[in-house]
Amino acid sequence: MAGRFATRLGDGSRVEMTAAEIESDLHDGVEAAVRRAKVPPLEAGEIAHLLDIFTSPAKFSSVDCGREVVLSFDGAGNGDLGYAAMEQVLYQNHHGADSVELWHHDYSYKAVRAVLSFQAQMMKDAQLQTVVPLNYGAMPDLGRYSAPDGPAPNWSQLLPLGRIDEARAAQEEAMALLERDMLVVAETMVAAGADGLDFDTAGAAGDADLLATLKVVREVRNRWPDIGVEVGQASELVLGMHGELVYEGRRLAGMWPLDQLRAVTAAGATIFGPAVNVNTTRSLAWNTARACALVKPVTAEATIPVHMNVGMGVGGVPMTPYPPVDATSRVSRALVDICRLDGL
C-alpha cells in the first residue's frame, strides 16, 4: 500500500505503518525512557536518523563501512551438531563471530557445577579448534537455590505472606551458595584455558542475584587479573526482591543501565552488556527508540566496552525464537549509530 512501510511489532508480527505513525512511536518510545529512567531525550537529528532506518524499503539495513562493531555471543550455538566444540567452530568460521562462548544446555552455574569435569574437557577440546577468544558462560540464576529445587526457603512464597525478614534471609543464604558455585566453575574454566568468563542475565532474580555476581566478579579479578569478564544484565531495571542490598555504597534495587554500568565497572568487569526488555505489543520503532535512549548515557560514560544484548526479546529485537533479519538488522544499526556501541 502506497505510503506505508513494512515493519514489526515486539513479538515479530509483520505490520504496516505510515512514516507519521513510525515517527510518533519513536517519540513515544524515547518519552517512555525519559519518564521512567530520567535519561536525556534523543536529539532531533537522532530521531530523524531512526526514522530513515525504519522507513527504508530495503530488506536489510547495515552500518556504514568503517562503523562495524565487535560481535560477541553468549551461548554460541545450540547443540544441533551434536558436540559443543563444533558449534564454536561454526560460529567462528561461518557466522563471523569475533568471540564465542562455550556453555551447557542447562544455562546455570548450579547445573554446570554438577557436570563440571565434562565441561572442562569440552573447553580444552574447543580451544584446540578455535582462534577467536573463547569464553565460558552461564546464568547466576539465584532462584535455583530456593525450594523446591534448592536448600534455601523460597522467598517468592514468603514475600506475599509479609514475611519480609525471612525472605531476605533466604536470599542471603542462597547468595552464599551461588557465589561458591560460580567461583568453583570460574577456577576450573580458567585452568582449562578459558579466555574469559561470562555472567549472563545477571540480576534475573533481583538485587541479590546481581550482588552475588558483582562479588564473584571482584574475586575473579583479584585472582586472575588478566582474564576477561563480561556481565550481561537481565533487564533495564534491577528488581528489589531484597531491597536493602548495596555494592560500593550504592543500592542495587532500582538501578537503571547507567548505574548498572558503574557497579559492574567497580567490580572489575571488562565488558558490560546492558539489556532492555521488549514490549511485545509495541512497534519495532518504539522499542528501539526506548532502548537507544536508555543506553546512550551508558556509552557516553563507559570506560569499558559496552556490548548491547540484542537477543530475542531484548534491545529492541522481537521476542520470537527466530527474529526476522529485517528487524534485527535495523535494531542493530540503530543501536550502533545512536549509542556508539563497542559491540553487539
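1. Two strands count as paired if DSSP finds at least two bridges between them. Strands here are DSSP runs (E, at least two residues) and helices likewise (H or I, at least four), numbered from the N terminus.

2. A word on the basis: this is a predicted model, in which local features need pLDDT of at least 70 and side-chain atom pairs count only at pLDDT 80 or more, while totals for chains, interfaces and linings use all residues. Residues are numbered from 1 along each chain as its sequence is written, and side-chain values use heavy atoms, with hydrogens and water left out.

3. Strand 5 also pairs with strand 4 (residues 134-138), in the parallel sense and over four bridges. There, Ala 138 stands opposite Phe 199.

4. How enclosed is strand 5 (residues 196-202)? Six of its seven residues are buried, so the rest of the structure largely encloses it. Buried means under 20% relative accessible area (1.4 Å probe, protein chains only).

5. Now to the helices. Helix 2 (residues 44-54) and helix 11 (residues 325-339) have axes that come within 10 Å and cross at roughly 160 degrees. That makes the pair roughly antiparallel (angles over 145 degrees, on a scale from 0 to 180 between N-to-C directions, with axes fitted to C-alpha atoms over the stretch in contact).

6. Helix 2 meets helix 11 through residues including His 49 and Phe 54 on its side, and Arg 330 and Asp 337 on the other. Contact means heavy atoms within 4.5 Å.

Definitions and conventions
Angles under 35 degrees count as roughly parallel, over 145 as roughly antiparallel, 65 to 115 as roughly perpendicular and the rest as oblique. Buried means under 20% relative accessible area, exposed over 50%, partly exposed in between (1.4 Å probe, protein chains only).
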